[in-house]
Amino acid sequence: MSETSSSRRRFVGASVAGLGIAVAPGIHLIAAQGPAEPAGASNAKRWGLLVDASKCASGCDACVKACATENGINETVADARQGSQWIRKIDLQDKRTGRQLSLPMMCQHCANPPCVDVCPTGASMKRADGIVLVDRHVCIGCRYCMMACPYKARSFVHQPLTEQNPEVPRGLGCVESCTFCVQRVDRGQTPACVEACPEGAMVFGDLKDPNSAISRRLAQVATTQVRADLGLDTGVRYQGL
Amino acid sequence: MTKLPFKLLCVTSRLRAFASKLLVLAVVLVSGLALAGESRVAKPAVIIEKADSQCVAPPEEMRRNHMEMLKHQRDKTLRLGQRGAKVSLNGCIECHASKKTGSVLGSGENFCQGCHAYAAVHLDCWDCHQPKAHTKATPAPAAAGAKP
Amino acid sequence: MQLVPYSRGEERFFYTLAALGGLVTLIGLASALYMEIHGHAVTGMNNQIVWGLPHVFAIFLIVAASGVLNVASIGSVFGKVLYKSRAPLSGLLCLAMLAGGLTVLMLDLGRPDRIIVAATHYNFSSVFAWNVFLYSGMFSIVAVYLWTLMERRMNAYSKPAGFAAFIWRLILTTGTGSIFGFLVARQAYQSAILAPMFIIMSFAWGLAAFMVVQKAMFAWNGLTLHPALRNRMKNLLGIFVAATLYFVAVYHLTNLYFAKQVAFERFILVDGGIFPALFWGGWFLVGTVLPLAILYTPGLLAMRGAVMVASILVILGAFCQLYVFIIGGQAFPLEIFPGLAAASSFGDGMVGQYSPSLPEFLLGLGGIGIAFTITTIGVRVFHFLPQDDLAKLEAAGHVLE
């Protein structure tokens, strides 16, 4: 992957430039890092999720519970509207035909995410493998991304938190959203919601790999991107919508 | 697009670190002259719980540079997805949490707090990062998610 | 320059005013601290209405700040003598209101402690980040402009400086409007007309704010504005208010034209509860019709303080308009699945609820307090009272009858 290596070169270049500015810490830093560097997210992959809405039962919220457990979303809030929801169940009804359906809604991990475009500090970001995240070390809590998101996928933490899962830091004053359980994905697991779905209605995988389960399904059945008219190229696709 | 900010991030974080070092140096010099070594907070007793293990770098090095290492690593973990690096905040906590309380925070005896109280450094890391070691994901709440 | 030294009473009055401004500012800062410690849980804002009252105040102050500079621009850029003597006050007001608005915006952040991050990390594709540049640029340009006005040796440069400030302020208001105009997902905001609309609104709000301050200063110094000058300025205000009316009408009419926007327009204009009430009662009646009536009915205009009242009404209308625009725009349910009725635990398909809390109101008020304090002190220190040299005005061709 020439792009990755060129970005690494640039990265090293930046480090060297930084070294020139702050010589002493730079030297210590490189010494401390050692030679071996773990491989990171690669743009040879693009993570995606296919939801089969026809299998999704209206009263079921197994995915929502699994997400809350995995990501430590367990705080008590005084006003429900101020509580975080990384994933939620939406019940839909066609206004003309009366057809009903139910589906989980979360960050759609767009290829062209509006939240990333509008973020003033670059905290909203997309990893090389397509996962859209908030770097909460640079998030200033302006909420512009929440204004820009067409899916209402983001939540703002309105109160101090204490009972976080060590793998999933989250806290006051920053915006957060579904991460595809990045901590699990980087270990080779699937997101918690996918694992928990009793109907097997969700398929997670690499959209760039033509042999992945998700790619094969996408090649077979008709699927939809929500608000496809916006041209965001979402990583989450729906079947039976 | 995503690469440019990261590059900037590296440079600016270095710049800031450098500036803050200068500032600290100046403050130390000035206060050293003024107070002639007098301080109000008791000198921290750094308790090492897992003395049989090895820190990620020599203690000298750690004392001076752990903040830079952490800040540098967090960008790599979060933005580049590089996991399993030697330096990791959760790693620090696993080794350095107190055997008594299981945490790196709590009192001056706890590893990450004593020094910082002494040096009057305030960390915002613990707003989000769990200071207790071996905490596992909390059980599913009765109603999923944040609810009243 | 025939300014009399301040008397004892005036001195006391000045300190009272400054203390009052300081107190309001302090209460605002205390509210911000309270919000920072407890989080936004103590505000009415939530995950549906993410921007609330502080943003109404902040955006009013910022938009009006760029508008208030118009008075100086008309003098420097378009060479109108009448406005030239008002340029310093106009520049000062611009800086004061900008400072107030930006402070509120900054203190409402989820992590105001990270303001240094905002200053060192820029995402150049973000309209918000451009605005950070535009705001800081505005400060410097207006400061330089003020300097060219006050320092005799620099007077020659006041025209180019004024011109730069004028151009910059147009870009700045365009930027403020674009913060909303670029939000493609929201029915209320995705419109190219927002940028010019914000510019026109800034003209009206800025001039109204200027008139109020000028009137207060003249009253304090026992002066009255020459009727001819008053007439000129009130006509300008009238034109700006009417132009705003025109733009708002076009904005809503074009929305009505697009079938998918009709539901949103119904919400804002007819059945959205507080929002139609504020739109028609607040912005339209109080902020537009009444001021226009006062400004153009000779009988009403002849009354004492008529222009002042009209200006205050315009400002009140502006707040109503922004409330409808910012909060109403978010309250209208986001259409994630067009054509389908949606329901969820996260407010999908439901009108967003928002009831402002005291701390956020006080924070917003604190922004006004900052602008007020800076203006009060600035005016006093720099003697920025507009001095009308009537002979010069007549020489410049103004008919003063």
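Me: Quick one: which residue in S3(A) does A:Arg88 stand opposite?
Reply: That's A:Met105. Strands here are DSSP runs of E with at least two residues, helices are runs of H or I with at least four, and both are numbered from the N terminus. Bear in mind that this is a predicted model, where local features need pLDDT of at least 70, side-chain atom pairs count only at pLDDT 80 or more, and totals for chains, interfaces and linings use all residues. Residues are numbered from 1 along each chain as its sequence is written, and chains are lettered from A in the order in which they are written.

Me: OK, how many bridges join S2(A) to S3(A)?
Reply: Seven, with the strands running antiparallel; two strands pair if DSSP finds at least two bridges between them. They form a hairpin with five residues between them, and A:Gly98 in the turn has a positive phi of about 80 degrees.

Me: And which strand of chain C does S2(A) pair with?
Reply: S1(C), residues 340–344, in the antiparallel sense over five bridges. There, A:Asp91 stands opposite C:Ala343.

Me: Why is S2(A) largely enclosed?
Reply: Because six of its eight residues are buried (under 20% relative accessible area, with exposed over 50% and partly exposed in between, using a 1.4 Å probe and protein chains only).

Me: Switching topic: where is A:Lys152?
Reply: In the loop between helix H5 and strand S6 of chain A. A:Lys152 has a positive phi of about 50 degrees although it is not a glycine.

Me: Is A:Lys152 buried or exposed?
Reply: Buried, at 10% relative accessibility.

Key. Side-chain values use heavy atoms; hydrogens and water are left out.
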